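Here's a quick briefing to read with the model open in your viewer. Have a look around first, then come back for the walk-through.

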Amino acid sequence: MKFRTLGEAFIIIALACLPAIGEGFYFRDKVSWQSAIPASELATVEQAHAWGDIVIWVDARPDDEFAADHVPGAFSLTEDRWNELLPQFLPNWSPGKKVVVYCSAQSCNAARDVAKRLRDEAQLKDVFVLQGGWEEWVKKNR
Amino acid sequence: MKFFWRILGVIIGGIFVYAGAVKVLDPVQFGLDIDNYKMLPWFVSVRLAFYLPWLEIFCGLALIFRFLYRGGLSLLTVLVLVFIGATVAAKARGLDITCGCFGHASQHWSFMQHMAIDLAIFCALVVAMIKEWLGLALSFRFFGGVGRH
C-alpha cells in the first residue's frame, strides 16, 4: 500500500522532469543561471562614478532609511509607494541616461524588483542594480 | 458521497493546475519569488522554478483524473506543508515576501491571507488523504485486498 503510493509519487516526479527540462532548454538564453541578476544588469560603484552626470540614482530602500541618508541627488522609489513616486521620478529621466538602483546591501531584493519594474512597466532602458547596494556605496565614498 | 470526493479532487486539482500554469508562463519571476525566501542559492531556486510548476500541474491532473491519485495527493500534501513552513520561517525572519503561488493574483495578498488559503488547501488534502487511507484499510479488512475507490 505504502509502496504503491511511493511508486506513484516517483512516477509523477519523473514525469514532471520532462517538460521542465524542455522549458529550461527553451529559456536557456533568457535566464541567468548563476546569479539572480545578470551581470549585464549590474553596475559597480566605480562604473557608476565613471558614467558621471548621466547617472540617475534611485533609492529603493524604505522611506526612513532614505530620509536618514542617501546618495546625493538620489530619488526615492519603493514598491510600496510606486504609484505615488514614479510620476515624480519619470520627468527626470531622458534617453541616454543610465538609472542605477540600490537598496541596503547585496542581499536585499528591493533594488532588483524596482529595476525590473522600471524596465517592464516604465519601459526604461539602461537600468542597472548597484552591486553591493548602499553598504558598498558608503564603503567606497566615506 | 463518492460524488463529493470526486468534486473535492477536481477542485483541489484544478487549483494546482492553475497555480502551476501561471508559473510555467513566467519561470524567471517564480525563480525570483523563491529567491525572496532567502533559503536557497540562486542556482537551486532557478532550477526549482522550472520544475515545481510542472510538478504541481501533474499532481493536479492526477487528482482531477484520479490517475496516480495517491501519489499526487501525497506529493501535494508535502509540497503545501513545505510551503507553509517556508512562509512562516520567512515571516519569522522579518522578510516581506510575495509568495508567487498564483502569479499576479497573489502578489498583494497579506501574510494572513496566504496562511488562510494554504491551511484551507492543506486541510482539504489531509481530509482526502485520510479518506483514501481509511478506504484502503477498510477494503483490506473486508475484502482482503486493495479495492477501487
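Let's start inside: the largest nonpolar core has 31 residues, and A:Ile12, B:Phe58 and B:Cys59 have the most contacts inside it. A nonpolar core here is a set of buried Ala, Val, Leu, Ile, Met, Phe, Trp, Tyr and Cys residues joined through C-beta atoms within 7 Å. Buried means that 20 or more other C-beta atoms lie within 10 Å of a residue's own, exposed means 12 or fewer, and partly exposed is in between, with C-beta atoms placed from the backbone.

Some ground rules: this is a predicted model, where local features need pLDDT of at least 70 and side-chain atom pairs count only at pLDDT 80 or more, while totals for chains, interfaces and linings use all residues. Residues are numbered from 1 along each chain as its sequence is written, and chains are lettered from A and ligands numbered from 1 in the order in which they are written.

- Helices (H or I, at least four residues) and strands (E, at least two) are DSSP runs numbered from the N terminus.
- The largest share of this core comes from α3(B), with 11 residues.
- Setting aside neighbours within four places in sequence, B:Phe58 is in contact with A:Ile12, A:Leu15 and A:Ala16. Contact means that the C-beta atoms of two residues, placed from the backbone, lie within 7 Å.
- There's also a second, separate core of 27 residues, which includes A:Ala43, A:Val45, A:Val55 and A:Val127.
- As background, nonpolar side chains in soluble globular proteins tend to be buried together.

**Where the chains meet**

- Chain B puts 24 residues into the contact and chain A puts in 21.
- On the chain B side, α2 (27–36), α3 (42–65) and α4 (69–92) each supply at least two of the residues that touch chain A.
- α3(B) gives the largest share of that side, 10 residues.
- By class, the side of chain B that touches chain A has 18 nonpolar, 4 polar and 2 charged residues. For the classes, Ala, Val, Leu, Ile, Met, Phe, Trp, Tyr, Cys and Pro count as nonpolar, Asp, Glu, Lys and Arg as charged, and the others, Gly among them, as polar.

**Helix α2 of chain B**

- This helix is mostly covered, with 8 of its 10 residues buried.
- Among the buried ones are B:Phe30, B:Leu32 and B:Ile34, and B:Asp33 and B:Asp35 are buried too.
- The cover over the buried residues of α2(B) includes α1 of chain A, as well as α1 and α3 of chain B.
- Just past α2(B), B:Lys38 takes a positive phi of about 55°.

**The sheet in chain A**

- Five strands make an open sheet: it has 5 strands in the order β1-β5-β4-β2-β3, with parallel pairing. Strands pair if DSSP finds at least two bridges between them.
- β1 (42–43) and β3 (75–76) of chain A stand at the edges with a single partner strand each, so one side of each is left without a neighbour in the sheet.
- β2 (residues 55–59) and β4 (residues 98–102) of chain A run parallel and are joined by 5 bridges. Within that pairing, A:Val55 has A:Lys98 as its bridge partner, and A:Ile56 has A:Val99.
- β2(A) is also joined to β3(A) by 2 bridges, again running parallel, and there A:Asp59 has A:Ser76 as its bridge partner.
- 4 of the 5 residues of β2(A) are buried, so this strand is largely enclosed by the rest of the structure.

**Overall layout**

- Chain A has 6 helices and 5 strands, and along the sequence they follow the pattern α-β-α-β-α-β-α-β-α-β-α.
- Chain A is divided into domain 1 (1–31) and domain 2 (39–141), with bounds from an automatic or database domain assignment. The centres of these two domains are 39 Å apart, taken over C-alpha atoms.
- Chain B has 5 helices and 0 strands.
- Of the 142 residues of chain A, 30% count as buried, and in chain B buried residues make up 33% of 149.
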